[in-house]
Amino acid sequence: MRQFSQLLDGLVYTRSRNGKLALIAAYMREAPDPDRGWALAALTGNLDLKAVKASAIGEMIRARTDPILYEMSRDYVGDLAETVALLWPKPEEQPAELDDGSLSLSAVIDRLHNVSRAAAPDALAQMMDHLDASGRFALLKLATGGLRVGISARLAKTGFAQAFGLDVDDVEQVWHALAPPYAALFDWAEGRSARPDPEGTPYFRPFMLAHPLESDSVDLTDYAAEWKWDGIRIQIVGTGKETRLYSRAGDDISGSFPEIAQAFTGHAVLDGELLVKGDAQGGEAASFNALQQRLGRKAVSAKMMADYPAFVRLYDLLIEGDEDLRALPWEQRRIRLEAYMTQLSPDRFDLSALIDAPDFETLADIRAGARDAAIEGVMLKRRDSPYVAGRKAALWYKWKRDPLTADCIMMYAQRGHGKRSSFYSDYTFGCWTEDGELLPVGKAYSGFTDEELKWLDRFVRQNTVARFGPVREVEKTLVLEVAFDSIHDSKRHKSALAMRFPRIARIRKDKPAAEADTVEGLKRLVS
Amino acid sequence: MAHWIEPHPTGIYVRPADAWIDPSLPQERALVTHGHADHARGGHGHVWATRETLAIMGLRYGTASGTAVGYGEEIRLGGVTIRYVPAGHVLGSAQIVLEHADERVVVTGDYKRRSDPTCLPFEPVPCDIFVTEATFGLPVFRHPDTRSEMDRLLTALHANPDRCILVGAYALGKAQRVICELRARGHQAPIYIHGALERMCALYQDFGIDMGELRPATGVAAKEMRGHIVVSPPSALNDRWSRRLPDPITAMASGWMRVRQRARQKNVELPLVISDHADWDELTDTIREVAPNETWITHGREEALLHWCMTHQIRARALALVGREEEDEG
């Protein structure tokens with residue numbers, strides 16, 4: 001376990017991508033079988049043990065330490081698994097905490113695979129006693145099914161490829177034909193057997209991405225304009241027998257959206273935006289808020305699917321049957337896509353419409369007037385562009401719409417999570433009511449620079465007027481210019497407003513609090 | 001209890017002696033536990049401290065008029081008997097033991113219970129009132145064995161012969177301790193130090209602490225420092241200063257490194273959990289050992305230690321002292 005927990009620590013502390021790749025590569029070369037295969041599964045998100053729930057871990061530690069000290073520790077550290085890993089009482093007979101080397105990664109995984117939910121906490125506790133803080137952290141992350149060490153599946157595969165001098169796209173092609181602990185993959189990588197054959201498996205193809213539009217205009221005779229939808233980009237890969245959905249990072253997310261995977265039975269590869277239907281369920285896309293309810297779930301209930309029905313708005317057709325269309329100009333692929341659409345269920349699939357604009361000025365006006373909740377901006381695609389992996393200059397541009405802004409007043413602050421766990425980085429801000437009271441209208445935890453964060457953190461600490469657990473109430477003096485993509489009516493908030501993607505645009509030290517915006521003013525911006 | 005001693009936001013006032021312990025504002029009479037800036041300030045009229053602490057204050061604030069008090073020596077001020085007892089924190093650090101009206105008060109300043117080659121070990125003194133720090137007053141803080149942390153540093157050094165390891169360590173105490181601990185693990189190569197550490201290291205050497213060969217990191221070609229350890233104050237880690245070094249691996253020696261996101265915030269790649277403060281077990285063990293009637297907690301994560309005292313039937317209160325500990329030392 002020590003080799004694996006040290007790898008995880010290294011990945012947490014190492015900043016550079018190359019450094020992370022080198023760590024993964026070294027581990028993949030040096031660790032024994034089948035440990036390294038399991039580690040590769042864990043790093044690529046293909047090891048879904050979920051032997052215990054986070055709540056069970058909370059109970060384990062409460063039974064072993066003072067619950068109040070645990071709560072204080074958790075508030076300070078910010079991460080459940082790390083808090084418990086650090087807090088775990090060392091066995092009496094042990095002078096210092098250490099990883100006694102008695103547990104291999106594969107032994108741990110074996111145990112977690114075969115243990116019942118009821119027996120899992122005891123099994124986990126026994127293993128915890130043999131590990132040091134890093135080992136306990138790794139174990140808890142494995143046992144709860146979420147490693148989250150800040151690397152993508154793609155990076156892990158790249159590290160693996162680098163270890164054995166392979167091309168990562170070759171690894172990607174065979175990947176989905178294999179299962180953990182990937183004995184066949186290591187056999188191929190180390191020259192003991194031939195390359196596994198991916199044919200017949202629905203494997204991932206790298207996405208084509210867009211650059212932000214920086215020039216003032218483009219010629220619409222060369223570029224087609226299309227709405228940029230605010231969902232998640234997905235790739236649908238169907239072999240006729242099986243269909244998988246991949247996220248931009250190449251993660252298989254079919255399990256989160258089974259209704260889509262089931263509705264697609266074709267033999268093709270498509271690119272589109274995954275969205276959730278709005279209140280009316282008339283096919284209109286709901287805001288990203290609604291989609292968020294469905295993200296990050298490995299399994300999904302019937303109720304979730306009924307409340308937040310998903311569909312895909314299609315952008316592109318990469319492969320149809322055995323014919324690879326990626327080298328064709330976008331215009332021709334578009335014609336093929338429109339034709340292909342007719343065989344798909346309109347419940348689950350629709351076509352991303354093109355924007356009809358004679359010139360760039362008209363397009364700019366259309367873009368400025370669009371306040372549909374699910375529109376993030378405009379895409380500009382060169383009519384003759386092939387579908388190529390990654391971001392290629394001058395082929396595709398994204399042109400996000402300008403944010404709205406409001407001057408709000410900081411009311412409460414809370415410490416962040418992750419690398420901000422000591423900083424007051426989450427701010428609740430408010431605007432004035434007609435009665436001259438402040439009403440919270442939103443919460444933001446991004447948009448500022450590191451320097452600004454330090455300043456804001458200091459402001460919070462020096463201007464605290466009350467504390468409610470981890471939350472600090474501050475003097476209502478600081479005006480924050482908040483930018484947001486859109487604002488909506490909401491039943492959940494006292495202000496009856498909900499901002500989409502609010503972030504701190506500027507700190508307005510110069511502006512008196514009395515001159516901040518009003519709730520009435522914000523209501524006029526509702527789309 | 002002990003009405004003759006009063007906690008104030010700016011320090012602890014000993015009324016019959018008309019003297020302040022570690023005052024944060026200039027005072028006529030100051031009793032100083034150790035040389036860190038949040039305890040030892042300049043501008044006092046007269047200072048009582050150990051010889052080492054006076055020397056450190058002299059280095060930092062110029063000459064101050066002071067009386068050197070040896071460890072174990074008794075002095076009397078206005079009817080209070082005062083003794084300085086080793087605190088095990090840094091060179092010259094002392095707990096101040098005060099006796100008056102049949103009561104004994106121990107003010108620890110900062111302390112730790114682990115061995116440290118640069119200072120005398122903490123001596124527990126049973127007392128009525130125990131004034132303790134709580135820098136690492138949360139049970140998540142359990143410092144590992146120092147030798148294993150040093151070995152991690154040396155392993156990283158030997159695995160990267162083309163790079164150097166830049167260790168951020170507080171200029172007074174931690175830097176010298178890290179160097180001495182490295183020597184104790186058999187590392188004999190020259191160690192390069194940031195200019196801000198030179199005078200303090202020389203002071204330690206004057207007090208007989210052997211740190212082996214130290215070289216200034218300034219004015220040296222980068223390639224000469226490949227495969228070597230460089231020690232700097234934490235503030236220099238992400239500073240332009242470090243650009244002169246050969247592809248440094250950034251390490252930091254501090255108790256805060258126990259929490260991984262703390263290390264990430266400071267861009268530390270090799271966190272070394274080495275602290276000059278008591279960890280949670282040391283804090284609670286020490287309170288049990290000196291068995292006071294009442295515990296006063298000066299600074300740090302006082303809420304958790306206060307809660308622990310309450311659940312262990314130990315009377316305790318938190319003092320809100322200003323200007324203590326904004327995490328740079330640890």
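## An exposed alanine in chain B

B:A101 is exposed, with 10 other C-beta atoms within 10 Å of its own. That count is under the cut-off, since a residue is called exposed at 12 or fewer. This is a predicted model, so keep that in mind for everything below.

What is the phi of B:A101? It sits near 50°, a positive value in a residue other than glycine. You'll find B:A101 in the loop between β9 (94-100) and β10 (103-107) of chain B.

Is A:A394 buried or exposed? It counts as exposed, because there are 12 C-beta neighbours inside 10 Å.

## Two cis peptide bonds

On the peptide-bond side, chain A has a couple of spots to look at. A:D33 and A:P34 are joined by a cis peptide bond, with omega at about -5°. A:P34 belongs to the loop between α2 (17-30) and α3 (35-43) of chain A.

The other spot is a pair of prolines: a cis peptide bond links A:P180 to A:P181, with omega about 0°. Here A:P181 is in the loop between α11 (168-175) and α12 (183-189) of chain A.

## How α10 meets α11

Staying with α11(A), have a look at its packing against helix α10 (residues 153-163) of chain A. The two pack at an angle of about 115°, and their axes are 9 Å apart. The crossing of α10(A) past α11(A) is right-handed.

Which residues meet there? From α10(A) come A:K157, A:T158, A:F160 and A:A161, and from α11(A) come A:V168, A:V171, A:E172 and A:W175. By class, that contact has five nonpolar, one polar and two charged residues.

## Chain A as a whole

Zooming out, chain A holds 19 helices and 21 strands. Chain A is as compact as a globular protein of its length, because its radius of gyration is 26 Å, close to the 24 Å that the globule rule gives for 527 residues. Along the principal axes, the C-alpha atoms of chain A fill a box of roughly 75 × 65 × 40 Å.

As for the inside, 38% of the 527 residues in chain A are buried. Take the contacts in chain A between residues at least 6 apart in sequence: 69% of them join residues at least 24 apart.

Note on methods: Residues numbered from 1 in each chain as written. Chains lettered and ligands numbered in written order. Predicted model: local features only at pLDDT ≥ 70, side-chain atom pairs only at ≥ 80, totals over all residues. Helix = DSSP H or I, 4+ residues; strand = E, 2+ residues; numbered from the N terminus. Buried ≥ 20, exposed ≤ 12 C-beta atoms within 10 Å, placed from the backbone. Axes fitted to C-alpha atoms, helices over the stretch in contact; angles between N-to-C directions. Left-handed = near helix turned anticlockwise from the far one by under 90°. Contact = placed C-beta atoms within 7 Å. Nonpolar A, V, L, I, M, F, W, Y, C, P; charged D, E, K, R; others polar. Rg over C-alpha atoms; globule rule 2.2 N^0.38 Å.
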